[in-house]
Amino acid sequence: MNAPIRMTTTDAPATDFVRRHVGPSPRDIDVMVEAVGARSLDALIADVIPASIGDKRPPALGAALSETAALARLREIAAKNQVFVSLIGQGYHGTVLPAVIQRNVLENPAWYTAYTPYQPEISQGRLEALMNFQTLVTDLTGLPIANASLLDEATAAAEAMALAKRSAGAKATAFFVDAAVHPQTLAVLKTRAEPLGLSIVTGAPERDLDPAAVFGVLVQYPDTYGAVRDFRGLVDRVHAAKGLVAFAADPLALTLLVPPGELGADIAIGSMQRFGVPMGYGGPHAAYMAVRKGLERTMPGRLVGLSVDARGNPAYRLALQTREQHIRREKATSNICTAQVLLAVISSMYAVYHGPEGLTEIARRVHRHAAVLAAGLRALGFTPPSAPVFDTVTVPVGSRQSEILEKARAEKINLRAIPAGAFGDAPAIGISVDETTDEAVVEAVWRAFGGTLRYDEMAGEADVRLPAGLVRTSAFLTHPVFHRYRSETEMLRYLRKLSDRDLALDRAMIPLGSCTMKLNATAEMIPITWPEFSDIHPFAPAEQAQGYKVLLDELEKMLAALTGYDAVSLQPNAGSQGEFAGLLAIRAYHASRGEPHRTVCLIPSSAHGTNPASAAMAGMQVVVVACDRDGNVDLSDLEAKATQHGDKLACAMITYPSTHGVFEEHIREMCEIVHAHGGQVYLDGANLNAQVGLSRPGAYGADVSHINLHKTFCIPHGGGGPGMGPIGVKAHLAPFLPGHPALDGGTTPVGAVSAAPYGSASILPISYTYVLMMGDAGLKRATEVAILSANYIARRLGPHYPVLYKNHNGRVAHECIVDPRALKETTGVTVDDIAKRLIDYGFHAPTVSFPVAGTLMIEPTESESKHELDRFIDAMIAIRQEIAAVAAGRLTIEQSPLRHAPHTVHDLADDAWDRAYTRSEAVFPAGVSRTDKYFAAVNRVDHVHGDRNLICSCPPIEAYAG
Ligand SMILES: *Cc1c(COP(=O)(O)O)cnc(C)c1O
């Protein structure tokens, strides 16, 4: 008989995912432990994590599954979802994601593992794609400036409301919302208006609006019931009263309709979902916002602009960037940070692939189906409105509503149930056709309404017409980029060309402090494009989403177990939205106890900009708490401020481990101080990667946290989104988690914060699969190695750059801040010089100037191998030697490769090269492979030029000449 095979950590089976996720091998780990001067990994962790919070109980999530077993489990779950044809509309539509875009963008790590393009020289590919997105939006809406994505249509409407409030001359505090906007939009507007002291008035604007009583108006175009209304007179009346008008507009309809800009709109918002992005049970999708001239500097979100590089060549970059990076702290009116870049890229590519004629043809077909559908319903004795519609037919059906809906379901079709009173007095049914609708679907809908009609017979009866005054005549998408890539070969090469310009995780480590750029495993990504997850409408009947229910319930339990909270909401679709939702929970909790006057929010000076921004949006007053010299929250200042504000104290927002990269010893005391003064503790969970499996915020005193699933739980960054920011709360806050009209009819104390009940549900399988494949032991191991790797970097870089902020054992947590500010004084080298020079060595820069100006924050994560860590450390040391050469007077900083970085092929091929260093020192510094060199597409980008000459849609082709 054979002896049983003994498994140790050094000979795990090939299917062991933990070994794939964690970069350093067991032997590397031993070497690293020794290098940091610890007796063992456990001893290091004991040095790092204060004993007072260490949590020895395992979260009891079970043992790890192999990739194969996890995917089999996901298959089982997916099979419980039923994919029907959803004609529910309400802002979500069937669409065809071209396969070439699915495989080469959505399923391509060169696109999905990229970071937000703060370092423009290594991001020219996705910046070009986003510029295309902005051009698409400006052309469709007829407004001159668009940003590169907001989170969803409903939150974009809330951003439009806030923008109107800031910019309108009118001093009123009421915002008028067309009663025919999508219901989830109205719900989110109400949630967002109330803490700002704004009120929402709804009704038919043509009839119920008093322009003098409002600062702005939102209309839906075409509206949620399908009507295409002419708002010209309305716009004039609102403008006369110094108010602003925002249109929520369907981008596909805008290929046929006069765009909002030509109707006088100040702002247009909407969802680009139907441009190729699957419904995904609610998201992620890119929302858009476009504004008229004069509003661009107060518009929220990221704006891509065109500038020039050091050689005068055109180069894209994020415009007005300082504005976004600080999110204007407590003066902020928006907290948006992570957006929807990957989805914006997909929508832009959908438009590039189809071009204006292709998009128009899709829109015409959709419009014709709607007209034929209406004709058939009329033939069957129903009375849809006679006014022209674009894609949505709403029919009063009276008492037959449930019978028709059921018959439609028997045809595997979902229609929208509209209650009595919303569309006329009787119950009605809404039918929205889309790109995927064919004749057979239209005939099946007729059968559900009780008649057998043939499409070709009804086609002649149809009134295929739009309102005369609203037929679009202006051209759009005339730029060559929307005409050049129509064959699949051309499209494939365009996508490849752009991604080749960028440096994403598929090329090198991205050591971004606070952002946790870890492995986004292929097995985690595979389920998200299965139709059972991607083709479900967010308002489909619950019985069709049983698989989602299993997945969401289990994921909530996993996250609760890992964080020590009692309840989790999966609705917030970014960390920033989680902060807002968490603060609303605190606010509602105080109100429920008769203490609505508790509105002061204490925030340490080191906090991420979204914290004060979210507090401002939740109607709280931000009071800043000082940090001491070691970077810790100053306990006596916390105590003093908490005492000073006494019964006005609502909460404190604390990031833990701190943004300074240290586990503060006194976290329990901090929580106790806040609680003793009647406040709640909001613990920013962005740094959970240092805690999972080792400590739990809910267990050491925090009341609520958001969890950035796109950081700790492996959702890829997508070049700046999507993300997810669920919140966990202790039991007393559970009644105040966000509700949603589709789940509870809008009856909860805190309403919706996102358009969809579960935010960006279709990317939740990524985090779920990750937890399944890691198990208790793997998650703990990942956290330990993340901490080890950060300490290894701190230890090896220490002799070369000061490392700021360590704990009393001389340890950092999962990230470390290196401080070159003294070198700046002696040599003039800036933190930007170092960041850009790293590009020449093939790396993405660490986080620059956050949380301490002039420094670099490095977070390696557990996924980087020791080999890659060493390569990065060696590059940083080589750069330090280049700085030493300046210090020694061998060349000035202006003459040095540091200041001219990054170097490009233009430098390599420069026949007039007259620099103080050679071209090979420029592009192949120490250790850089000549075979595998990554070249930045442009030289250093000039931000000042770009902000002075703001160009935010595709530049005319002459700009590229030479
Ligand atoms: C990333 C981050 C946030 C914001 O999260 P988003 O998902 O980008 O909205 C908040 N706080 C900290 C400390 C972060 O690192």
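Modeller: Let us begin with the term polar contact, which here means a pair of N or O atoms within 3.5 Å, where, within protein, one atom must be able to donate a hydrogen and the other to accept it. The model is a predicted one, and across the interface of domain 1 and domain 2 the rule finds seven residue pairs in polar contact, both residues being at pLDDT 80 or more.

Biologist: How many salt bridges does the rule find across that interface?

Modeller: A salt bridge needs a side-chain nitrogen of Lys or Arg within 4 Å of a carboxyl oxygen of Asp or Glu. Across the interface of domain 1 and domain 2 there is one salt bridge; R274 forms a salt bridge with D391, with 2.8 Å between the closest N and O atoms. By class, the side of domain 1 that touches domain 2 has 14 nonpolar, three polar and five charged residues.

Biologist: What area is buried between domain 1 and domain 2?

Modeller: About 1,800 Å² is buried between them, and carbon and sulfur atoms give 64% of this area. The domain assignment places domain 1 at 106-351 and domain 2 at 356-470, and their C-alpha centres lie 29 Å apart.

Biologist: Which residues come nearest to the ligand?

Modeller: Of the 14 residues around the ligand, T338, S514, D684, H710 and K711 come nearest. A polar side-chain atom of T338 lies 2.6 Å from a ligand oxygen atom, and a polar side-chain atom of K711 lies 2.8 Å from an oxygen atom of the ligand. Taken alone the ligand exposes 380 Å², of which the protein buries 98%.

Key: Residues numbered from 1 in each chain as written. Predicted model: local features only at pLDDT ≥ 70, side-chain atom pairs only at ≥ 80, totals over all residues. Heavy atoms only, no water. Domains from an automatic or database assignment. Buried area = accessible area lost by both parts, 1.4 Å probe. Nonpolar A, V, L, I, M, F, W, Y, C, P; charged D, E, K, R; others polar. Near = heavy atom within 4 Å. Areas by Shrake-Rupley, 256 points an atom, 1.4 Å probe, with all protein chains shown as cover.
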